Amino acid sequence: MTNAPNALTLCADMLNPGVNGVFAVDGQPPEGGLELLWLTVHTDGKVSVMLNKIEMGQGSSTALCMIVADELDADLQRVGFVQALYDPKYDDPEFHAMLTGGSTSVRSMMGPLREAAAAAREMLKTAAAERLGVDASELTTENGFVIHGEQKIPYGELVEEAAGQAVPESPPLKDAASFRYLGHCARRMDIPDKIAGAARFGLDVHLPDMHYAALAWPRAYGATAESWDEDAALAVPGVTEVVQTEIGPAVLAENTWAAWKGRDALAVQWSEGTQPDLSTEVLFEELEALLDSSGIIAADTGDAPGRAEAAADKIDLTFHQPFLAHAPIEPMNCTAHVRPDGVDLWGPTQFQTGWAEKAVEITGLPMESIAVHTTYAGGGFGRKGMLDGARVAVHVSKACGKPVQLLYSRDEEFHYDAVRPGSVARVQAGLDANGKIAFWNHRTASASVLAGLLPFMLAETGLDFTGVEGVSEMDYDIGALRVEWLRHETPVPIGFWRSVGSSHNCFVRESVIDELAAVAGEDPVAFRLARMTDPRAAGVLKLATERYGWDRELPEGHAAGVACDHCFGSYTAQVAEISRDPESGAITVHRVVAAMDCGQTVNPLNIVMQVEGAVIMGLSALVGEGMEFADGGVATKQFNTYPVMRMDASPEAIEVHIVENAEAPGGVGEPGLPAVLPAVTNALKTLTGERVTELPLSRKK
């Protein structure tokens with residue numbers, strides 16, 4: 001995929017032919033062996049890694065097993081993972097909760113897993129030294145064996161003796177130069193079971209006497225059920241019961257379809273809701289109005305407002321970006337069994353701690369009686385971190401006293417999603433006589449992402465850093481910078497979406513940078529390189545443009561644009577080559593060339609796949625995605641009104657090049673998305689002379 005001197009080369013013969021994969025998905029590892037918190041070495045020599053993250057297609061389960069195999073000197077073919085039940089001892093060390101998000105799985109867990117694996121390795125060596133009557137310093141380890149001269153003792157033969165050794169507090173860690181697996185490609189461990197149909201997702205959970213549930217949801221935010229026809233629901237074949245919960249009436253049935261039909265038959269009469277005039281137009285009028293007031297200061301160096309006011313020649317642009325749904329292929333679902341003495345929850349959750357806390361809140365039972373069983377997820381992008389599905393399932397199970405399974409219809413998935421906030425940003429920026437970026441005055445308005453789920457992460461000033469990430473700190477030399485964030489209060493549920501604030505702030509920043517390059521009369525790549533303050537940012541920009549061939553002549557009607565980003569600890573740059581149908585205005589993205597510097601790489605093959613997926617998702621958002629609101633609620637209902645990118649519209653080629661270095665690992669799942677949006681619109685500006693300031697492009701008149 002690349003052969004740059006400073007980049008990793010990925011070859012088919014580096015792919016290991018297969019791994020043991022999943023040992024168990026429900027907190028039940030094979031019994032026996034050397035057991036530590038994060039791993040167990042078994043008597044048969046296999047190693048199981050305790051997975052505290054959900055596998056939702058991002059490949060982190062394989063990466064975490066690779067980390068253990070490398071540090072333990074185990075055979076990766078004999079390493080698999082066990083999905084941990086919810087337990088605070090498995091909390092992410094950064095979040096202090098069992099939570100998957102923010103491209104943190106490898107970043108957060110590499111340290112603890114390496115330390116655990118190194119401790120196990122040293123305990124095995126100590127056991128072998130005692131058996132052989134030699135000093136442990138004379139021993140080495142390799143591929144699942146402790147080695148002394150010609151003698152090789154399999155790990156499995158040593159685990160019982162090793163389990164009696166003291167756990168070393170600070171075991172020595174391997175040098176990066178001796179890594180056997182990290183930095184090399186490995187096939188995903190979760191894929192074989194998914195292909196074979198053996199993988200367990202939330203809807204594969206079946207319990208004795210389990211019923212299928214559907215809640216009557218209001219169409220308008222904040223509306224409450226005033227009356228309904230219970231008899232009509234009970235007349236639907238398969239419907240067994242209608243129960244009243246604290247959040248509304250719910251229908252129980254023998255299958256999901258009957259539950260949905262019974263719910264529809266209730267014909268609930270609703271109250272008006274909290275904002276009956278809410279619509280897409282109203283939401284953006286509110287956002288625009290906020291831009292005329294002062295916000296919370298996120299950055300303030302120099303006198304950017306003063307320079308902007310005095311400047312004779314400046315860029316002054318206002319950007320509008322839509323609310324976005326997550327739209328995972330697998331809708332929200334949860335199976336709950338509330339009993340007098342405890343609660344069991346099964347399903348695809350990115351936030352096991354949140355599910356457990358919600359069960360405690362609803363039932364009043366102690367946390368120790370709550371069990372959260374994590375299944376695979378068919379896509380998440382932040383959606384599976386929300387708690388609404390578990391909330392409904394627990395309420396219904398509590399009301400009926402039975403195990404219940406809840407599945408959202410696609411309509412419900414759109415209607416009750418906690419979406420990426422829509423945003424409006426106004427930017428004034430200009431150059432001084434020497435071509436330096438003299439000032440940047442940035443005011444942006446959006447709803448708070450953190451306020452709903454992680455309010456403790458808000459700053460004392462009330463600032464939600466996700467509203468300004470990517471603009472309050474930039475990798476460009478700017479003389480005077482002022483960034484203000486204005487909080488948009490709205491009844492629309494807001495949640496984390498892939499790359500969070502960078503998903504919209506990168507589009508604004510890199511569009512303005514391109515406009516400044518045009519004012520300076522400079523090539524946009526040269527302009528960026530001359531003003532970048534971080535050599536890693538410059539490195540990925542050089543790599544992407546070199547591999548694309550930035551200076552080459554393009555076919556008639558084609559244009560190329562470039563953009564960069566730095567988020568979740570990783571640097572990216574992307575070049576997009578496009579053409580545009582002059583009659584219909586339809587855009588074709590022919591080629592995207594991406595470069596990523598994510599520090600120490602674990603599984604380059606997975607990095608490539610994550611960037612490819614992020615590019616597709618970013619292009620989909622750019623071209624057609626955007627939530628619509630009307631009559632106090634959501635107007636978007638299905639994929640026919642929320643067009644995600646299809647295969648025939650995808651780029652003909654996506655190339656991914658990885659910078660190799662020994663920096664701390666950065667995120668992989670999210671950083672590949674933001675830059676592709678401005679890369680395309682910057683190309684469009686070159687092609688048409690028109691700056692895109694409103695997304696998606698399909699809304700452009």
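Me: Is Asp-292 buried or exposed?

Reply: Relative accessible area sorts residues into buried (under 20%), exposed (over 50%) and partly exposed in between, with a 1.4 Å probe and protein chains only. Asp-292 has a relative accessible area of 61% and is therefore exposed. This is a predicted model, in which local features need pLDDT of at least 70 and side-chain atom pairs count only at pLDDT 80 or more, while totals for chains, interfaces and linings use all residues. Residues are numbered from 1 along each chain as its sequence is written, and side-chain values use heavy atoms, with hydrogens and water left out.

Me: Which residue forms a salt bridge with Asp-292?

Reply: Side chains of opposite charge can pair when their charged atoms come close. The rule here asks for a side-chain nitrogen of Lys or Arg within 4 Å of a carboxyl oxygen of Asp or Glu, and Arg-426 forms such a bridge with Asp-292, the closest N and O atoms being 3.5 Å apart. This pair links distant parts of the chain, 134 residues apart, with Arg-426 in strand S20 (residues 423-431) and Asp-292 in the loop between H7 and strand S14 (296-301); helices (H or I, at least four residues) and strands (E, at least two) are DSSP runs, numbered from the N terminus. Arg-426 has a relative accessible area of 28%, so this residue is partly exposed.

Me: How many salt bridges are there by this rule, and where does Glu-330 lie?

Reply: The count comes to 39 salt bridges. One of them joins Glu-330 to Lys-384, with the closest N and O atoms 2.8 Å apart. Glu-330 lies in the loop between strand S15 (315-321) and strand S16 (333-339), and Lys-384 in the loop between strand S18 (370-374) and helix H10 (388-400), so the bridge ties together parts that are 54 residues apart in sequence. Glu-330 counts as buried because its relative accessibility is 11%, and Lys-384 counts as buried at 1%.

Me: How many aromatic pairs are there, and how is Trp-217 placed against Tyr-408?

Reply: A pair of aromatic rings is described by the distance of the centres and the angle of the planes. Rings of Phe, Tyr and Trp (its six-membered ring) pair if their centres lie within 6.5 Å, and planes under 30 degrees apart count as stacked, over 60 as edge-to-face and the rest as tilted. The count comes to 11 aromatic pairs. The ring centres of Trp-217 and Tyr-408 are 5.5 Å apart and the planes stand at 70 degrees, so this pair is edge-to-face. Ring pairs also link Trp-217, Tyr-408 and Tyr-416 into a cluster.
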